[in-house]
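Hello,

Here is the structure for you to open. Please take a look at it first, then read my notes below.

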Amino acid sequence: MIAALLAAAARAVAGGTVRWASAPSDDRQRVFFANHTSHLDFILIWASLPPHMRKRARPVAARDYWEAGPLRRYLARKVFRAVLIERAAPAERVDRVDRNPGMRGREAIARMVEVLDREDSLIVFPEGTRGSGVEVAEFKSGLYYLWRERPEVELVPVHLENLNRVLPKGEFIPVPMITRVSFGPPLDCAEGEPKEAFLERARQAVQRLGEP
Amino acid sequence: MSSFDDHELLWLLAGLAALLLTATAVGQVLERLVATPSGGETVDNVNARVRAWWVMSIAFAIAVASGGVGSVVLFALISFLALREFVTLSPTGRVDHAALVWSFFLVTPAQYVLVGVQWYGLFSILIPVYAFLFVTARLVLAGETERFLERAATIQWGLMACVYCISYAPALLLLDIEGYEGENAKLLFFLVIVVQLSDVFQYVWGKLFGRHPIAPAISPNKTWEGFVGGIACAVLLGTSLWWITPFNPWQAALMALAIALMGFVGGLVMSAIKRDRGVKDYGSLIHGHGGVLDRVDSLLFAAPLFFHLTRFFF
């Protein structure tokens, strides 16, 4: 109920065109990976999915942000059923704060794989942080490990356009703006592809969807 | 008095329904007759437009029939969606965010509240004077000087076109015309039907007989044939509707001429902006028509002039 209202509100403010490279026929499990430019990103992806897929799609989000305050916690847990993970600390702080980034990464992957094993789909933002909305930044390696662990799950690139203008970093009230959500064809995966090549290919798949 | 007690309004709505039924029937016949692929595309587009006209007409009929509040809410919604399309195409950036929030969530609602409470004095200066001052002030506080004038002018232009000009349509309801009390909804009907059918007439005349483009650099589909035939039909339509207005037939004809001419110019101006931004339509909300702004472009320019002509002379 609240979920349906929020989806409608998201479409009213930031709705626009939704494009599918290939229409989703079945309810296969999928990992949607997108560029990240605003806090509204996953709400809009989620609102753009057909209802039967929406019910199963769970966003992967940073625990520190979504557990701050009762409202966010409620939304993350009950409405979006978010998969909350520890955010890796920014590189320059790794030495001081995050003594064990590799360990955290493995935990996060394990959580996501657990969700996939429960037959749910995932929405992930492999850039790890919100970007400028122009260039898609380099991907973190989580997507690669996810694919290695569960190669049968379809990886679908998603490109979000104009979301950074609706709600830029540091702003609280969204400006209504027409956006575009483009779902690309699932990524072709060749077994044994090295990590860097795989991540770059995935990044380009998202970037290409953003070209007119 | 509920608007449904007004028999003239009921006749108008019945006439509108008859017109739409005819258009639907013609569309079905054309679909059977036309065989060429390019012709088929045109027919498909026409039929999509007719279906969208049904939805728009029903929304408009409900708004007009419900009296003041319904019309104000409907046009406020149109302004909101139009401004959203306009801003999407404008080269605004992060620094403009707060000024845009003000435009959407303070200025736009305030303008329509003023129409609703019929405060003409403030309604007519809110955006040209106070939005001009305060939105620009908010913009300068953001502290970015690059393309400052361009950004300020774009936001102000969007507010003037999408909010101020459109709000003149429901503002017709606040006019006091002797011997026409309580009947202003029909004046709104007159404006909207003449301006929109003028577009349709120009489209049909242009498709059938159009040879000589009027402004090829701006809108290749607008032709002299479409312009002359379309405007003439719009004037005939306006004249034939004199009985719902406070005008006599001659005055109704001149009003319709003014509305149709301004509508034509409005369409051209909004096309020029689209050309400049390199797009064909402002949006895709209304199937077959494009965006909301594509549908109301002619109304933008016609509404204020029609309002003031009526206010000064009647």
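**Where the chains meet**

In chain B, 11 residues are in contact with nine residues of chain A. Helix H3 (68-89) and helix H4 (97-116) of chain B are the elements that each give two or more residues to this side of chain B. By class, that side has four nonpolar, four polar and three charged residues. Keep in mind that this is a predicted model.

**The core**

Next, the nonpolar core. The largest one has 133 residues. Which residues have the most contacts inside it? They are Ile166(B), Ala169(B), Leu191(B) and Ala303(B). Helix H8 (residues 185-209) of chain B gives the largest share of this core, 12 residues. Take Ala169(B) as an example. Leaving aside residues up to four places away in sequence, Ala169(B) touches Phe75(B), Leu188(B), Leu191(B), Val192(B), Leu299(B) and Ala303(B).

**The sheet in chain A**

Now turn to chain A. Seven of its strands form an open sheet, in the order S1-S7-S6-S2-S5-S3-S4. The pairing is mixed. Strand S1 (16-20) and strand S4 (83-85) of chain A stand at the edges. Each has a single partner strand, so one side of each is left without a neighbour in the sheet. On average, neighbouring strands of this sheet are turned by 20° against each other, direction ignored.

Strand S6 (residues 154-161) and strand S7 (residues 179-183) of chain A run antiparallel, and four bridges join them. Look for Glu161(A), which stands opposite Arg180(A) in S7(A).

Best wishes

Notes. Residues are numbered from 1 along each chain as its sequence is written. Chains are lettered from A and ligands numbered from 1 in the order in which they are written. This is a predicted model: local features need pLDDT of at least 70, side-chain atom pairs count only at pLDDT 80 or more; totals for chains, interfaces and linings use all residues. A nonpolar core is a set of buried Ala, Val, Leu, Ile, Met, Phe, Trp, Tyr and Cys residues joined through C-beta atoms within 7 Å. A residue is buried if 20 or more other C-beta atoms lie within 10 Å of its own, exposed if 12 or fewer, and partly exposed in between; C-beta atoms are placed from the backbone. Two residues are in contact if their C-beta atoms, placed from the backbone, lie within 7 Å. Ala, Val, Leu, Ile, Met, Phe, Trp, Tyr, Cys and Pro count as nonpolar, Asp, Glu, Lys and Arg as charged, and the others, Gly among them, as polar. Two strands pair if DSSP finds at least two bridges between them. Axes are lines fitted to C-alpha atoms, for helices over the stretch in contact, and angles run from 0 to 180 degrees between N-to-C directions.
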